[in-house]
Amino acid sequence: MIEQTFEQSLDECWVTAVQVATVWTNPESAREIDKAGISNPTDIDQWVAGQTFTNRAALCDENRVQTQLLYGERVIVLAVKADWAHVIIPTQPSHKEERGYPGWVPFRQLERVSKQDWETERTITVTDKFAWLEDKSGKRVIKVSYQTHLPLRREATDRVEVVTSHGQLFIKKAAICIFETTKGLAKQSGERLIQEGKRFLGLDYFWGGMSAFGYDCSGFCYVMHKANGYRIPRDAGDQAANGQRIRLDHVLPGDLLFFAYDNGKGKLHHVGMYYGDGHMLHSPKTGRQIEILKLKGTVYEQELCIATRYWQGANDDGQ
């Protein structure tokens, strides 16, 4: 199988051209049952709904999926092998690659665009769980997830025009917020992280998930931080290794709690956000939903080992 290498042009970039692109471990990882998730256009609602418990669990247990990309998210294309692209995701920090998170996506789910068109002074982010991109007449074109970021072209009364890989499309103002691209979203408090996270209570866990169609544990924490102005590592291990270390008896709402096997002495396997009053807000595991859980008396109480903080307002001494 021939692998074609790519050099990133100075005046071009590659972006995700589907509502959610799943990043696979290798080109052989996707299965027949994953067609709705590896096509273009995708139907993530259908793909997620069509997964049995066993099929969902296999995404993790068989090391098939790494992470996900949202519509318009940039990637660096390293190589193309048949119909698959080997990519790096600069917006998702990882110890696996200093430039960002690595993995494989169907090449059909990417589009090459002009950097000049893509780099606008202002950017929109979707603040509703889901929103529709529309054409000029108001016809729905593509359903996008919470925290999808797109370059802003111009504002109108009730809609804004955005730059997309599908050309100029529109989205309702009520479903978004606008920020200056170079400044990013305003940094918020730990309490705000929790308030955003509570909106997703009851959402099914989905391994590798980074969208409102389903989150895994670290993806949920990553996106809630993203929504509040912070870029943190993608995976739990990296999230634990970075940020400000906080004593376990001094945690505040919005701090990240980490859990390890062997009563907290073994390998890290889970992360959640401290909710307050001895509770945790988290996306637990396949077959369960995002929940607020009282830690006392649970296996999580025994396995709690590390806490870190990324939100502003922490004291210098970590207290």
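Modeller: A polar contact is a pair of N or O atoms within 3.5 Å; within protein, one must be able to donate a hydrogen and the other to accept it, and residues adjacent in sequence count only if both atoms are side-chain atoms. The model is predicted, so local features need pLDDT of at least 70 and side-chain atom pairs count only at pLDDT 80 or more, while totals for chains, interfaces and linings use all residues. Residues are numbered from 1 along each chain as its sequence is written, and side-chain values use heavy atoms, with hydrogens and water left out.

Start at D34. The side chain of D34 makes such a contact with the backbone nitrogen of R31, at 2.7 Å. D34 sits in the loop that joins β3 (20–24) to α1 (35–38); helices (H or I, at least four residues) and strands (E, at least two) are DSSP runs, numbered from the N terminus. D34 is buried because its relative accessibility is 0%, where buried means under 20% relative accessible area, exposed over 50% and partly exposed in between (1.4 Å probe, protein chains only). Setting aside residues up to four places away in sequence, D34 touches W24, W47 and Q51, a contact being heavy atoms within 4.5 Å.

T91 gives another case. The loop between β6 (84–89) and β7 (101–106) holds T91, which is partly exposed at a relative accessible area of 22%. Apart from its neighbours within four places in sequence, T91 is in contact with E73, Y222 and R231. T91 and R234 are 143 residues apart in sequence, yet their C-alpha atoms are 9.0 Å apart in space.

Now the sheet. In an open sheet, 6 strands follow the order β18-β23-β19-β20-β21-β22, with antiparallel pairing; two strands pair if DSSP finds at least two bridges between them. At the edges are β18 (244–245) and β22 (291–294), each of which pairs on one side only. Within the sheet, β19 (residues 256–260) and β23 (residues 304–309) are joined over 4 bridges in the antiparallel sense, and F259 stands opposite L304 in β23.

Helix α6 (residues 217–227) packs on this sheet and touches β19, β20 and β21, with its direction at about 45° to that of β20. Axes are lines fitted to C-alpha atoms, for helices over the stretch in contact, and angles run from 0 to 180 degrees between N-to-C directions. Helix α5 (residues 190–198) lies across β20 (268–276), β21 (279–282) and β22, and runs at about 105° to β20.
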